[in-house]
Amino acid sequence: MASRLEQDLSCPICCELFRDPVVLTCSHSFCKVCLENWWEDKPLKTCPVCKRRSSKRHPPTNLALKNLVETFTEEKGQTAPAAEQTSPSPQQPECSLHSEKLRLFCLDHQELICLVCRDSRTHKDHRFRPIEEVLDESRAQFDEAAAHISLQTKQTQTQIRAEFEKLHQFLRDEEESRMKALRKEEEQKIQNMKDKMAALSRDMEALSKTISETEEQLRAADASFLLQYKTAEERLQRCPLVEEPKIKRSDLIDQAKHLGNLGFNIWMNMKKLVQFFPVVLDPNTAGSDLILSEDLTSGRKGEKQKVPENSRRCTDCSVVGSESFVSGTHSWEVEVGGKSWVVGVSGRVQRGANTEVGGSWYIRFTDGEYSAFSAPGKVKRLSVKNLQRVRVKLDFDTNTLTFTDPDTNTDLHTDTDSFTEIFPYLLTSDAPLKISPKSITVTV
């Protein structure tokens, strides 16, 4: 209430409490000095608010308003805290051209101006807002952005943890599988050693028994010994000699099999789990009607979301890639579908030695027809049917952009231009568009 009353008791020119207020015939009041300065060097004496011409060169004092301001000032001084009464008010910046306080914000020029600037030729027919209103709106936008940042952080943390849990689980399973294989080999090799030891024991026992029987026969009488000699000789010849036990390399644990290139082999197996996408979509550029997947590789039309505006935010159901291309050769494929979609690029091209302009180059499907669009505003109808995927290839070395049907290996359209910075670009009006993963090739 106090703030509203203070506004009502403030001069429209200086935006401060009235000092010696005077009233015009149109009923608008101003500080006497402010009005005189406003009328200075002006042939027509008009009201600064409604522009109505004043019939009096020296308007009368508005005594009622003057008394009201004095009463308000006294009451405010009595109720204000001591610290507020003694501390000086912060210095308000002034206009560098007119030495007046900056009171307004020009929406067209996006700059602070004074009241004299408002009526100058530079800001003719422009839109203005009080600084306080602009500040309130800016604070609200920043508060919304801060809340959105917190939400983004929580969502990102959840997705990071989920992705790492997937990798951790894969590593745990991989570790258990390799430990199980090692334990199995250990059991087999130990059992093999036990079997060899048992066989050696049996051979030793048989040899010992043969020796004992032969010794017994040797102690027999001469005639008996001669009768059993042939039999004893044959028994000794049949008895296998026990060889010295030897350990073979194959009897030991094959550590090289378990440890050789362990990390590399695990990583190669991990290729089945992870995917590489040549293009990742930027959620901070997605239109408010576009819903992106958690891995940021596809987008579909959804309910309108409340998201902070920024300089790169797209409109409707469109989005651009998170990284731009400025050199080299790049290619990616997009799985398409639905009644209407756009696949292509947006960015900048060179026009002259020191001039760059923005543009878009893309394949569009709508109303059952395929078309190629090239900056600036060139359209070419394509004689193609039932596209399932579109491959985009950008080559900065040859300044070419090629669209291909990868399923039939058919070129759809080629553009040549002086590309300087290019972003992948997608738009859909219904069904999802998805970036296809690329196969990973490892050269050993």
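**A tour of two strand regions**

Select Thr400 first: Thr416 of strand E16 stands opposite this residue. The model in view is a predicted one.

Now turn to the open sheet of six strands, coloured in the order E8-E17-E10-E11-E12-E13, with antiparallel pairing. Strand E8 (318-320) and strand E13 (378-382) form the edges; each has a single partner strand, so one side of each lacks a neighbour in the sheet. On average, neighbouring strands of this sheet are turned by 20° against each other, direction ignored.

Inside this sheet, select strand E10 (residues 341-350) together with strand E11 (residues 356-366). Ten bridges link this antiparallel pair. One point to inspect is Val349, whose bridge partner in E11 is Val357.

Finally, centre the view on Arg348, which belongs to E10. Is Arg348 exposed, partly exposed or buried? Its relative accessibility is 36%, so Arg348 counts as partly exposed. Show the side chains of Arg348 and Glu356: a polar contact of 2.9 Å connects them. Leaving aside residues up to four places away in sequence, Arg348 also touches other residues, among them Val357, Gly358, Ser418, Phe419 and Ile422. Glu421 is likewise touched by Arg348; the C-alpha atoms of these two residues are 5.4 Å apart, although 73 residues separate them in sequence.

Definitions and conventions. Residues numbered from 1 in each chain as written. Predicted model: local features only at pLDDT ≥ 70, side-chain atom pairs only at ≥ 80, totals over all residues. Heavy atoms only, no water. Pairing = 2+ DSSP bridges. Helix = DSSP H or I, 4+ residues; strand = E, 2+ residues; numbered from the N terminus. Buried < 20%, exposed > 50% of the residue type's maximum accessible area, 1.4 Å probe, protein only. Contact = heavy atoms within 4.5 Å. Polar contact = N/O pair within 3.5 Å; in protein donor to acceptor, adjacent residues only side chain to side chain. Axes fitted to C-alpha atoms, helices over the stretch in contact; angles between N-to-C directions.
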